[in-house]
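Student: Could we go through this model together, one residue and one element at a time?

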Amino acid sequence: MKFFQPRTLHMRIMLAIAMLQLLVVGLFSLYMLIQQVGTEITNRQVLGHKMIAITAPAVTHLIEFDPHGIDTYLGTVLGDRAISAITVKDGQGNQLFQQSKEVIPLHPVAGWFQAAELKPTVTTELKSSRGSLGLITVQLSNDVLNEKIHTLLNDVSYLFMLLLGVDLIAIQLLVKSVMAPLTPLAAMAREVSQGNWDKTMLATAANASDEVKNLSDAFVESAKTMKRQIRELEQTRSQLAENELKLRNLVNNMQEVLLEVDQSGHITFLNPTWEALTGYATETTLHRPFAEFLIQPKHQSYFEVGRLVHIPLTDLQLEVRARDGKSVWMQMSTSLQRDESGTVTGLISTLEDVTETLHLQELQRQHEQDLYRLTITDPLTGVYNRRHFDDLLENLLHMNLHKNLPLALVIVDIDGFKFINDTYGHPVGDEVLRKVASTLRANEHQGGAVARIAGDEFAILLQNVNAEEASRIGHMIHEDLSRIVLPLTVGQLTIQTSIGIAVAPLHGKIPLDLVRAADVALYHAKQSGRNRVDTLSKERGEAIMDIFSQGFELRNAISAGMILPFMQPIVDLKTRKIFAYEVLTRMRRGDGFVPADDFIPIAEDLGLIRDMDLFVIGESLRLIPKNVHLFVNISLNSFFAPEFTQQLRDLLHSPIAKGRPITLEFTERQTTEMSAEFIKMFNEIRAGGCNVALDDFGVGYSTYSYLPTAPGIRQDRRQLRAAAQGKRGRREDRRTDPRTGQCDRRAHHRRTHRRRGNHRHADQDGRELRPGLLFQQAGQRAGQALADGRSCIITH
Ligand SMILES: Nc1nc2c(ncn2[C@@H]2O[C@H](COP(=O)(O)OP(=O)(O)OP(=O)(O)O)[C@@H](O)[C@H]2O)c(=O)[nH]1
């Protein structure tokens, strides 16, 4: 049920107070009415009693003295409005008089009172001197009472109306005065709502009640707070707008594509960079599945429904199809978007164009690969170079042995390659090397590797290949190489090779041992007449291994600077002064020194003598004062090593050698062919100011036989003397190595040097000379120098 509700507060207060007023005034009026009606009822009773008090004596008298006069008298009395009926009865109950008027019902208001209170009849006893004469009963009339009540009701109603009217006016005034201060407050609120914060508008009415003042103050306070907050909000909003602008500029000018995709893989946002990179207009791209723009199915699958969660968040490179059909590679960095329950609702990603970078990376990778290939391959043949072979060998050996698998090493050396070079020229030699390399590669065993480890030497590593299988493969390779035919301008060239095979762990468990074993096998193949394959047997291996062990030691000694020139002073016996130094080559081993004859022959065999001779000559020239005569030993084998002649020439013509007395003593352990070229070179050396001497170490078979063709070459002083005695050398010095069939040169060396040490001889000027080591002083100084770890240089 809906009650009427006035719209304004004023009306509501008015109504509320009016209702209250109505109630109060109503109750008050009712109270008044009840009071007055009660009084009227009481008055009627009093009147009844008074009436009967007057009437009873008269009736008594009439009964006694004039009974007929009762009717007249009581009829008159009954004429009074206050009485509606009169009854008189005698002492026996006989009715003497009874008369009544029409009965008017009692006013309803009188009904509110108890019947007892109303007492409509009054009865009294008629008494005379003779006693009781009967009873008289008077019934009171309602007429008067009703009239009174009616009048009272009117009066009370008037009073009620009057009071109500007065109250309403009072309330109106009261409410008006209460509401008056609210009017400016409402005006203030209206102004504030319109954004007018003028201070004057926020003043409270002066005559306002405390409550309204408080309300007004509170309102003003809240208005101020609101104003401040609104100002802050405005600032924030403008800041936000500014930031949004910046952000928009940033997003629009980003180098990367900014992409938003919903959970179904459809594009919901893209910045203009997308168009710049792909050529697709942003508007036409929006709301399309992003996968449509991806080329690779794998990339497309990331954007299928429900698969976004699996997308790699970083380092994902996508191939995007541009409008012109080209592919653009984009690097994607992603942030997954989730709702409150953690479900993926989409993603926001940046896509950076890395096409150029990838291209450059690819170029760089290729470049690095090329560089790496260059560092590990031999430029002439394209197979691995020595350095990489060493690494490979170490790794494969370690790996195979770890797995208990054999590893075979096959070393292939071209027979007479120097001859090919010398006869057909280096380009042909190069072509031979290339052919050999390509043949080896064509036969490359699975998991194997081919390397060029020296001038005409190739190595092949065969994984999981035992000795038998290695030998089979070795023969196969040998066969293939023998089929190489190189067409020449005139005719054609075929080649022969010697192959040495060793297998780990049978012949060695470390690279050094395995290479040494294969070298020994190769050495043996060469020694046995070349053009063959040799797998190292245990017995033969041990016999040859000794030479190779020393060879390895020698190689290491050269690279580690353990080869040193020792200066042996040569003393003039007359003056007892040092006349010259003979340069002796020594190798440091631990705390001691190995004499030359223990390692020179090996150096010659293994082709190391050239570097050793050049190093020792260079060091001697550098260390010995210029005015002191130098006797320097050179192996004739060095002259057959490539470029030795030129390098020796350069050394002797260098400023440290120029003008100093030098005698080059050529040691010869095998008969050397004295070619015209060779003699020319000798003469050139002499023309440069050097003396040249030959020393055959007593071998006997020597270049002396060519001496007539090489005028001016001085023989070893001892040899000269021997020659003067008509002997051609000391045949008893010749020993033959039972294994190699060659002269035991080390034995010769040892004997010869022993003899040399004690030798006393005269030089061409008649000076009697002797090695300085026989003199205590020089010996002591040499010992001191050795102890100091210096090169053994003795100065005078
Ligand atoms: N054409 C050419 N020759 C080279 C190259 N590297 C080294 N050589 C030559 O290869 C030759 C190797 O000669 P040796 O080690 O005496 O070998 P060989 O003549 O085959 O003798 P044996 O092995 O005993 O049969 C030397 O003459 C080197 O100058 C190269 O890259 N190209």
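Student: Is Gln 527 buried, exposed or partly exposed?
Tutor: Gln 527 counts as partly exposed because it has 15 C-beta neighbours inside 10 Å. A residue is buried if 20 or more other C-beta atoms, placed from the backbone, lie within 10 Å of its own, exposed if 12 or fewer, and partly exposed in between. This is a predicted model: local features need pLDDT of at least 70, side-chain atom pairs count only at pLDDT 80 or more, and totals for chains, interfaces and linings use all residues. Residues are numbered from 1 along each chain as its sequence is written.

Student: Which helix holds Gln 527?
Tutor: Gln 527 is found in α15, residues 511-527. Helices (H or I, at least four residues) and strands (E, at least two) are DSSP runs numbered from the N terminus.

Student: What does Ala 518 touch?
Tutor: Leaving out residues up to four places away in sequence, Ala 518 touches Leu 409, Ile 411, Gly 500, Ile 501 and Ala 502. Contact requires C-beta atoms, placed from the backbone, within 7 Å.

Student: How many residues are in the largest nonpolar core?
Tutor: That core has 49 residues, and Ala 518 is among those with the most contacts inside it, as are Leu 409 and Phe 458. A nonpolar core is a set of buried Ala, Val, Leu, Ile, Met, Phe, Trp, Tyr and Cys residues joined through C-beta atoms within 7 Å. The largest share of this core, 9 residues, comes from α15. A second, separate core of 41 residues includes Val 583 and Phe 666.

Student: Turning to α13, which of its residues are buried?
Tutor: They are Gly 429, Val 432, Leu 433, Val 436, Ala 437, Thr 439 and Leu 440. Down the axis of α13 they fall within an arc of 165°, so they line one face of the helix. That arc is taken over the directions from the helix axis to the C-beta atoms. Pro 427 and Ala 442, on the other side of α13, are exposed.

Student: And what covers the buried residues of α13?
Tutor: The cover includes β10 (407-414), α12 (417-424) and α14 (467-482).

Student: What is the strand order in the open sheet of 4 strands?
Tutor: The order is β2-β1-β4-β3, with antiparallel pairing; two strands pair if DSSP finds at least two bridges between them. β2 (95-100) and β3 (121-128) stand at the edges, each with a single partner strand, so one side of each is left without a neighbour in the sheet.

Conventions: Contact = placed C-beta atoms within 7 Å.
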